[in-house]
Amino acid sequence: MSAPLYINGVISGHTNMLFSIFGGFLFGFFLEATGFASGKNITDEFYFRNNRVIQMMVTAILTSTFWFLVFGSLGLIQIPNIWTPNLYLWPYIFGGLLFGVGMAMSGYCPGTSVAAIASGKKDAMVFGLGMLVGMAIFIFGFPFEKDFYVSSDLGQVYWHTLFGANTLVSFIITLAIGGFFMGFMQYIVSYVNKNRTESKEYSMQYLIGVLALIFVIVVTVLLKTLLPAS
Amino acid sequence: MQQRGYWGTLIGGFLVGTTLFIFYYVSGAGFGASGGFSQLSAFIIALFSKSYIASNAYTAKDLGEHGITHILYNRIFFIDIGIFIGGFVSALIGGRLRFSVDKGQTTPTSYRYALAFFGGILIAYATRYARGCTSGQGLAGAGAYSIGGWLFLFCVFAGVYLTARLFRRQWL
């Protein structure tokens, strides 16, 4: 069939831009309505006040992958035609860790900050200024960064392409990782909130940080072993 | 108290995930947010020196035949405009539209601003290497079976949870 519409030439570039504003509107609306236009609400997750950020993220990921499974199997969308960025292994790991530090500092990520700016959060406006400065630093430094920026390019890698399977396998893997992670965090949050002490909070933060690093190492090893020549 | 009036995360997550899939269905690519800041930053630099943007290998491709405004004719920048309007309308409906600073009661505002500013710099710089943020790389990637999305997300969690302790004071 015809989807993805823009890539398959069903709609024009201008229409795609108009759609982007509309789609962004929905995204921004839902983010604000769920309470994530607030650095305080976002960072509640990091200090185990609640588990809302992870619930929201995992539900969104599972919903999207579920629609892919349904629409893909009905032949209503050509999954190989969608675009996701190439996987640049070491730049991703570097960028992800640095992003995490920045998020712990600021309490925002780029998408939530835009919704927060719109709702009048002055700290989000300062964050936005910082973003513009950070982007300028990257642009000015690009001649020196270029080599690392394009290094370890693995192409577009999906779970099903890595294992030579179909998208059902990808969905099951997504369900397993997402479901386990959300359940695990649910447990940690309730564990910390029973007789909360600072040392308990810190040790759980380190535990989650280390487990996340282990996940990263496992995926890196998987990619290195299963993908030919990187 | 804090959460009163907010939608539940399951319905919110379902709607965001469905929005994400609609993006893939229509555009063939997911939503994102950080790219808009990159384009806006390049646009501001171009206001001062168009020749620099034209000579920089990272930004040269953004200059089209219509001059520097072409830098902002960018899918992610348009999504950011949408997020802004959507966030505004939702805050208006929810009665949350007011100038305020998110911080702990005893936290000095300047301290909160400093962390927000430097965190913004780190995040912007990081998104360039990761080819996106928690929306464009994390959710959009993991929501389309991409391994890079998950890899990025767990790197973010590692970074967040291993350093959150250092920045805890701003919320007390």
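This is a predicted model: local features need pLDDT of at least 70, side-chain atom pairs count only at pLDDT 80 or more; totals for chains, interfaces and linings use all residues.
**Figure 1. The extent of the interface between domain 1 and domain 2 of chain A.** Domain 1 of chain A comprises 35-87 + 154-230, and domain 2 comprises 89-152. Their C-alpha centres are 20 Å apart. On the side of domain 1, 16 residues are in contact with 15 residues of domain 2. The two domains of chain A bury about 1,200 Å² between them, and carbon and sulfur atoms give 72% of this area. Of the area that domain 1 buries against domain 2, 33% is supplied by A:Ala37, A:Ile42 and A:Leu87, more than by any other three residues.

**Figure 2. Helix H8 of chain A and its packing partners.** H8(A) covers residues 167-193, a run of 27 residues. From first C-alpha to last, H8(A) reaches 38 Å, close to the expected 39 Å. The buried residues of H8(A) include A:Phe171, A:Ile177, A:Phe181, A:Met185 and A:Val192. Within chain A, the buried residues of this helix pack against helices H3 (52-73), H7 (159-162) and H9 (198-226). They also pack against helices H6 (134-142) and H7 (147-163) of chain B. After H8(A) comes A:Asn195, which has a positive phi, near 50°.

**Figure 3. The interface between chain B and chain A.** Here 116 residues of chain B are in contact with 142 residues of chain A. The buried area is about 12,300 Å², with carbon and sulfur atoms giving 75%. On the side of chain B, B:Tyr129, B:Tyr145 and B:Tyr161 lose the most area to chain A, together 8% of what that side buries. Between the two chains there are 44 residue pairs in polar contact, both members at pLDDT 80 or more. Several helices of chain B each supply at least two residues to the side touching chain A, among them H1 (9-26), H2 (34-48) and H4 (75-93). H5(B) gives the most to this side, with 18 residues. The salt bridges between chain B and chain A number four.

Figure 4. B:Arg168 meets A:Glu201 in a salt bridge, at 2.9 Å from N to O. B:Arg168 also forms a salt bridge with A:Glu198, whose closest N and O atoms are 3.6 Å apart. This second pair crosses between chains, from the segment after H7 of chain B to helix H9 of chain A. B:Arg168 counts as buried because its relative accessibility is 10%, whereas A:Glu198, at 43%, counts as partly exposed. Salt bridges with shared partners join A:Arg196, A:Glu198, A:Glu201 and B:Arg168 into one network.

Figure 5. In one of them, the side chains of A:Glu32 and B:Arg96 meet at 2.8 Å, N to O. A:Glu32 lies in helix H1 (residues 13-34) of chain A and B:Arg96 in the loop between H4 and H5 of chain B, so this pair joins two chains. Both A:Glu32 and B:Arg96 are buried. A:Lys40 and A:Asp44 meet in a salt bridge at 3.0 Å, N to O. A:Asp44 counts as buried, its relative accessibility being 7%.

Key
Residues are numbered from 1 along each chain as its sequence is written. Chains are lettered from A and ligands numbered from 1 in the order in which they are written. Side-chain values use heavy atoms; hydrogens and water are left out. Helices (H or I, at least four residues) and strands (E, at least two) are DSSP runs, numbered from the N terminus. The expected span of a helix is 1.5 Å times one less than its number of residues. Buried means under 20% relative accessible area, exposed over 50%, partly exposed in between (1.4 Å probe, protein chains only). Contact means heavy atoms within 4.5 Å. Domain bounds come from an automatic or database domain assignment. Buried area is the accessible area (1.4 Å probe) that two parts lose on being put together, summed over both. A polar contact is a pair of N or O atoms within 3.5 Å; within protein, one must be able to donate a hydrogen and the other to accept it, and residues adjacent in sequence count only if both atoms are side-chain atoms.
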